[in-house]
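Colleague: I've just opened this one and I'm new to it. Could you walk me through it?

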Amino acid sequence: MSEAARLIPAWSLPAGGAGAIAVARRWPDELTREWAWGGSTGRGARVCVVDSGVETDHPGVGPVQRAVVVEARPEGEPAVEEDEEGDLCGHGTACAGIIRSLAPDCELTSVRVLGAGYTGSGGNLLAGLRWAIETGADVVNMSLSTTKRQFAELLHELADSAYFRRTVIVASAHNMPVESYPWRFASVISVGSHEEVDPLVFYYNPSPPVEFFARGVGVDVPWVGGGTLRCTGNSFATPHIAGICALLKAKHPDLTPFEVKSVLHATASNIAAP
Amino acid sequence: MSDDVHAAVAAALVGSRERYRALLSSIAEVARAIFAAKASSILLLDQEEDELVFEAATGEEAPRLVGMRFPAGTGIAGWVVGTRQPLVVEDVAADPRHAHEVAQATGYAPKGLMAVPLLVDERVLGVLEVLDRQTTFSLAEMELLGLFANQAAIALDLMQRAREAEAILAGGGELAAVARLAAAVDALGEERRPQALELLRAIDAVLRS
């Protein structure tokens, strides 16, 4: 079936139409990590880091293929423009470094939505995420969230559109017991922290809304100024899962977000053989 | 009743200023005790000035610290307010987010700390910091501090509302009379209170008729 045919919305299936939507099974009977991302370096997968920017040429990150900044305008939608500022606070560089440590050859795009004061508007966050989805990112890392309910509905719509457009959004759960978005939505992959040191150990959580736990305590990450910093928090667990998703999408580009989530579930460290 | 009247009446009843300070001190002291830390402090956000203000602290430096102000984006506390996320720092001096000038001004340079935002719905009231403990923070302790901070933020929010209402009382506007009345009735002994309430009910009936 062609990609174009797949994109035509089908609201019903006419009699005898099943043949037209035949889809080859994407994975073997036994779904292993070797099948999922063995041999993958992330080459071919495009990852957007929606954050504070990424320091260019940081040895812990490597080349950043593109960097854009979202800036509010007096009227209308915020503008998305090429960015030469790098990273204003370090957080985005840290996330990019973790992703590259797992998927060294993935294509990185920095989408800067946070300013120097570590803050950003919900409007800029929405515009940055929309840009990442519309430019066809395979994976979006969102180690941030908003507590503002006024943005929840629009974020929800964006997350659902990404889900159907094959963009995997990996989003940090808040580090405190508070409501924030978009990690709460089922169409994204939400991540919290565990305390182990292996970057490839991750757990499926049978009690959502946090769906996966990844390494997030005492992580040595690249930071602004060419240095490193030891960090703790879900912000740093999230890019571990984003990196694994980049490996997956590089090796199996046709996987949809729900298939990616299924593969993560099947290959999680706590899923025992039947 | 309008919110202002609610607030003015509430303020008249809680006698907020002293209890507000006591609440702040109690939060800081309990946080220090829970985590067996050397010290703890609370910085609240002054939105008008866009500054963080030390409102409570434990330990020897406390009297000197309380009242000190810094620009809201400053240092680790500024990061926590900006991101609304808690932060664990094991080596404060090596952290680029640390404001060395603030540590110098306060006369106390912590080695390690955990800072957590005080959140009420969509607002951030300030930061609670727990400084220098013997062991590093585990995820379970982060969660515990988050839960404690949420409880503290609810109490602080209530007290802050009452405190704002003090301004209404002090202003002597039309609403101040209502609040003074509420405070006066509250202060009456058991013997005279029923009469006062009866009088108020009569006034209420006249005003509604």
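**Sheets, chains and contacts**

Modeller: Let's start with a pairing: strand 2 of chain A and strand 3 of chain A run antiparallel and are joined by 4 bridges. In that pairing, A:Glu71 has A:Ala79 of strand 3 of chain A as its bridge partner. Strands pair here if DSSP finds at least two bridges between them. Helices (H or I, at least four residues) and strands (E, at least two) are DSSP runs, numbered from the N terminus.

Colleague: Before we go on, what kind of model is this, and how are things numbered?

Modeller: It is a predicted model, where local features need pLDDT of at least 70 and side-chain atom pairs count only at pLDDT 80 or more, while totals for chains, interfaces and linings use all residues. Residues are numbered from 1 along each chain as its sequence is written, chains are lettered from A and ligands numbered from 1 in the order in which they are written, and side-chain values use heavy atoms, with hydrogens and water left out.

Colleague: Back to strand 2 of chain A: how does it run against strand 4 of chain A, parallel or antiparallel?

Modeller: Parallel, with 4 bridges between residues 66-71 and residues 107-112. A:Arg66 is the bridge partner of A:Thr109 in strand 4 of chain A.

Colleague: What is the strand order in the open sheet of chain A?

Modeller: The 9 strands go 3-2-4-1-5-6-7-9-8, with mixed pairing. At the edges are strand 3 (79-82) and strand 8 (203-204) of chain A, each pairing on one side only. Strand 5 (residues 139-142) and strand 6 (residues 168-172) of chain A are parallel, with 4 bridges.

Colleague: Which strands of chain A does helix 6 touch?

Modeller: Helix 6 (residues 234-251) of chain A packs on the sheet and touches strand 1 (46-51), strand 5, strand 6, strand 7 (189-194) and strand 9 (212-215) of chain A. Its direction makes about 125° with that of strand 7 of chain A. Axes are lines fitted to C-alpha atoms, for helices over the stretch in contact, and angles run from 0 to 180 degrees between N-to-C directions. Contact means heavy atoms within 4.5 Å.

Colleague: And chain A as a whole?

Modeller: Chain A has 7 helices and 11 strands. Its radius of gyration is 18 Å, close to the 19 Å that the globule rule gives for 274 residues, so chain A is as compact as a globular protein of that length. That radius is taken over C-alpha atoms, and the rule is 2.2 Å times the number of residues to the power 0.38. Of the 274 residues, 55% count as buried, meaning under 20% relative accessible area (1.4 Å probe, protein chains only).

Colleague: Where in chain A is A:Gly92?

Modeller: A:Gly92 is in helix 3 of chain A, and at 0% relative accessibility it counts as buried. Its C-alpha atom is separated by 4.9 Å from that of A:Ser52, 40 residues apart along the chain. Leaving aside neighbours within four places in sequence, the contacts of A:Gly92 include A:Val49, A:Asp51 and A:Asp87.

Colleague: Switching to chain B, what does its open sheet look like?

Modeller: It has 6 strands in the order 3-2-1-6-5-4, with antiparallel pairing. Strand 3 (69-71) and strand 4 of chain B are the edge strands, each pairing on one side only. Strand 5 and strand 6 of chain B share 8 bridges, and B:Leu119 stands opposite B:Val124 in strand 6 of chain B.

Colleague: How much area do chain B and chain A bury between them?

Modeller: About 2100 Å², 60% of it on carbon and sulfur atoms. Buried area is the accessible area (1.4 Å probe) that two parts lose on being put together, summed over both. The contact takes 27 residues from chain B and 23 residues from chain A. In chain B, B:Gln85, B:Glu122 and B:Leu139 lose the most area to chain A, together 27% of what that side buries.

Colleague: Last one: is B:Asp95 buried or exposed?

Modeller: Buried, at 2% relative accessibility. B:Asp95 is found in the loop between strand 4 and helix 5 (100-106) of chain B. Not counting residues up to four places away in sequence, B:Asp95 touches A:Leu229 and B:Val89.

Note on methods. Buried < 20%, exposed > 50% of the residue type's maximum accessible area, 1.4 Å probe, protein only.
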